[in-house]
Structures are given as C-alpha cells and as structure tokens.
There are 2 protein chains.
Amino acid sequence: MTQPTAALIIIGNEVLSGRTQDANLKFIATRLGELGIPLREVRVIPDVPETIIATVNEIRAAFTYVFTTGGIGPTHDDITSECVARAFGVPWEVHEPSRAIMEADYARRDPPVSMNAARLRMATLPRGAEPILCSETSAPGFRMENVHVMAGVPRIMRSMFEVIAPTLQGGTPVKSRALHANGLLEGQIAEALTAVQNRFPALDIGSYPYYRAGGNGVALVAKGTDESALEAAAAEIAALIRADGKEPVEGEPPAA
Amino acid sequence: MTQPTAALIIIGNEVLSGRTQDANLKFIATRLGELGIPLREVRVIPDVPETIIATVNEIRAAFTYVFTTGGIGPTHDDITSECVARAFGVPWEVHEPSRAIMEADYARRDPPVSMNAARLRMATLPRGAEPILCSETSAPGFRMENVHVMAGVPRIMRSMFEVIAPTLQGGTPVKSRALHANGLLEGQIAEALTAVQNRFPALDIGSYPYYRAGGNGVALVAKGTDESALEAAAAEIAALIRADGKEPVEGEPPAA
C-alpha cells in the first residue's frame, strides 16, 4: 500500500514577521503521523493573493492531502477563502446553510451579535466546498477536493482537525522508538549509527543533540511502519550506545 | 529603494514528524525585520536530497537572501551541505582551514576528541563556500552566494545569524505599532479597520484575536517603514476601538 502524503500551508504575515510563534505545525504533524499520513512539506506564505493561489495549486497537485491554517476570519487580511475559490476557478459565494448556523449562533449570544458584511465573509465559501463545522465556533472551515481550510487560532484549528480526521484515508501509522543517553557525542557514534540506518533502509533514523539542565546528550529516534524492524533497530541503537560506554535510556530526554 | 527579501528553508524530518517544535523561524523573522529584510516565505522540507537541491535552487533565484537551518551535523541524516554543493554544481570537498580549526578545538577538549570521518564531514563544504564561524562551535556554517547555511540547534543558529547579520545589505527597518483591547470582537470592527488599511496602503495592518486568562480581545498591529504613517494609522486604530466602546491599550496583550 502506498502511504498517502500531506502538506501544510500556513498563511499569515504574522508568522513571517515574527509576531506570532506558529503553534499548529507540531500538532498537525503529530496527528497526521498517527493517521499514517506523513507530512512531507510545509510552506509559510504571506497574505498575498497571487502567492496563496499559486501555492495552493502547486501543492494540491503534489500531495494526497493539503491543509491550510489562517486567514478565514472576518477582517481585510483574511483572504484565504476567496483565494482558494480563485485557485479552483469557482465563484466565491454565500453558503446559505453556514449563514443560517452563524446567525442562529449570533442571536443566542449575550449581548446578541449582528450579522454584518464582515461576518458574512466567514459564511462565504468557494462553490462546491463542504463546510467543516467544529464545536469551537459557528464560522466554518471547509474542504475543497483534497484541500482542507482551517482557522489559524490553535484551539479552533485543533477542533476542526478532529472533525476532518475521520474523513481521511489513513495509511499505516508511523511508529517511533527513541533512546537517549547523557554524555553521548554525535560525532562519536555517527559511523555506527550510519551502519544501523543502512541495515534498516525502510526506517528513518534521526540523531538529535539536546542541551538540558539535567545534562547534555543525544536522542536517537527510529521511525517507520514496520514494528519488528523498529524493535530490532532499537536494540542495535542501544548496543551502539553501550559500546561507546554510555547507558541508553528508553524514550526522549526529559523536557528542559 | 527596493527592499531586499529573504526566505528560510528549514531542513529536517524531525520538524515534519512533529518530534521537534521549530524554534528558529520566529527569531530569524524578527531579526530580519529589524534589518529591513522582510522574510517572505518559509519552507519546511525533509532530509531528501532531491527535495533539498530543488528547493535551494528554486528559492535562491527568487529572493535576495536565503537562509537554511538544520542538517549540518556529523550524522548520516545531515546532508544539507552536500546537497547545497549539488544545487550549485560544485564539488563537495574538505575545507582545510575549517578542518584545522576543528582539530585544534578537539585537541583542547578534556577528554580530547578525535577527528574521525563523521566529524570531517562538518569541515567539508561546497567549493567556493565562505565558512561562517561562530562562538558556539568550531564546526562552520557557510555562505554560498546568497545562501546562508546554518545549524538547526537554536543556540548555534542564533550565534551564526549574528555573524552573518553585519554582512547583509539591509533595507529600511520595518517598524510596528500594536494596540489591543479586551472585549473587542473582530467582526465588530472589521469594516472600520478595512477603511484604515485602505487609507494606508503602504502599511500592513493585521488583526489578531487573543484568548488569555486576563480576558479575550483583539490585537491590531500596523507594520511598515514609514513612521509618520504608522503614527497616523495607530491614532485611527485607537479611535475605532473607542468608537466600539472599548479602551485601546498600547502594545501587544500580555503573554498568556
């Protein structure tokens, strides 16, 4: 079975200017890995229509699933939805069921909130889009073919992602085994680690130095879909750490 | 004067798998903004030679300055340097001055560290590259034309960036003015904010909801190089917040 693939497009000047620390990539990457849909590329792009349109069209042709975050609120810099419509060459028009849901939600607020032109933009979708309605807001994300358009606010994005997740055709989940050891030096074990990688070409073996109050060292992480290969590789990694005179510890190093 | 532009390529399976939270984008974006070199695009790509080579070649043709992070250590998954050599079509060869610096550093360690084949990879650079030597490690980053190759470890990356910074031809620094108000709703002020954006087309005005223990609200941020326009826009933003019955506060909202 061929693994499906995914790409993420993070849309927003605030990430590119350094104002905002992206908090969505890690969540989406982790959840997609669990679903067996490896995230293969991320692009962070500005609120520029031509850039959004060209990027969506390039990326949706190259990956099984595409996710976008950001730019679906009510303000002038929220242009993702209309750009996705232009990317697909379809009209961008009020989606009546979404408008009704939003109006009902607004009427229940205390004090009530009125549907105005700005808020109506959030009920305006590319023709043919399927709304993604989550528990955090009445304003929808949407799916257009293989492109899933989500909010940038992490709490809302996560809720939208969990609505989308059951609709995705997952692959074999990617599992991982991590070992770490204080005092380990990458340059000292690199050659032995290369040999392990060469013996398990289907696994992705990574080496990550860490610098913590509890000591510096290296984490060695094997990832892949074949659990018996993962077990065997983990045993070889433990052995190479011991051969260097250090004591391997299961798992990632404790957080700084 | 045309503003120079920059792009960042984050190289590493560990970011795409969700193992590692990227901690470099925000720093680089902020520092480049201060230098008047707006960051215009970021790509996160895996440790796959063809992807690295194609991305470096596409991006270096499109932006004034390119920065990469990750993949210059001693292990088998550190392939950025040889991929940059292939992108430029030059040999990848031992850089003797870098080897000498690393050997001298290793000899001073207690216990001494030996130069082996894995560590020698870190002194191997594309022909014609200019090493970037920082205070955090004797293993160099390097510049190849407009491409600056840096480490992925944040402490080392920051040190390398500050070595590079004085060599960049900066533009007019991007300044910003932020105002925020608890209780503000984006949908309520969106139309007035659009009018401000339209009156100051050279500024980039963003609207960012926040959700904090101290209250929810919206931060409105104007960015640009024209300080008098920024002042005038900030005054109009303060007025539109007051017109909505809320009290504008200077600056970003306090951290959660």
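Predicted model: local features only at pLDDT ≥ 70, side-chain atom pairs only at ≥ 80, totals over all residues.
**Helix packing in chain B**

In chain B, the axes of helix 3 (residues 49-62) and helix 4 (residues 80-88) cross at roughly 55 degrees and come within 9 Å. Helix 3 of chain B and helix 4 of chain B are therefore oblique to each other. Their crossing is right-handed. From helix 3 of chain B, the residues Pro49(B), Glu50(B), Ile52(B), Ile53(B), Val56(B), Asn57(B) and Arg60(B) meet Cys83(B), Val84(B), Arg86(B), Ala87(B) and Phe88(B) of helix 4 of chain B. By class, this contact between helix 3 and helix 4 of chain B has eight nonpolar, one polar and three charged residues.

**Nonpolar core**

The largest nonpolar core has 100 residues, of which Phe67(A) and Phe67(B) touch the most other members. Leaving aside residues up to four places away in sequence, Phe67(B) touches Ala6(B), Ala7(B), Leu8(B), Ile9(B), Leu32(B), His148(B), Met150(B), Phe161(B), Ile164(B) and Leu168(B).

**Chain A overall**

| Property of chain A | Value |
|---|---|
| Helices and strands of chain A | nine helices and 12 strands |
| Box filled by the C-alpha atoms of chain A, along the principal axes | roughly 70 × 40 × 30 Å |
| Residues of chain A that count as buried | 54% of 256 residues |

Among contacts in chain A between residues at least 6 apart in sequence, 71% join residues at least 24 apart.

Definitions and conventions:
Residues numbered from 1 in each chain as written. Chains lettered and ligands numbered in written order. Heavy atoms only, no water. Core = buried A, V, L, I, M, F, W, Y, C linked by side-chain atoms within 4.5 Å. Buried < 20%, exposed > 50% of the residue type's maximum accessible area, 1.4 Å probe, protein only. Contact = heavy atoms within 4.5 Å. Axes fitted to C-alpha atoms, helices over the stretch in contact; angles between N-to-C directions. Helix = DSSP H or I, 4+ residues; strand = E, 2+ residues; numbered from the N terminus. Parallel < 35°, antiparallel > 145°, perpendicular 65-115°, else oblique. Left-handed = near helix turned anticlockwise from the far one by under 90°. Nonpolar A, V, L, I, M, F, W, Y, C, P; charged D, E, K, R; others polar.
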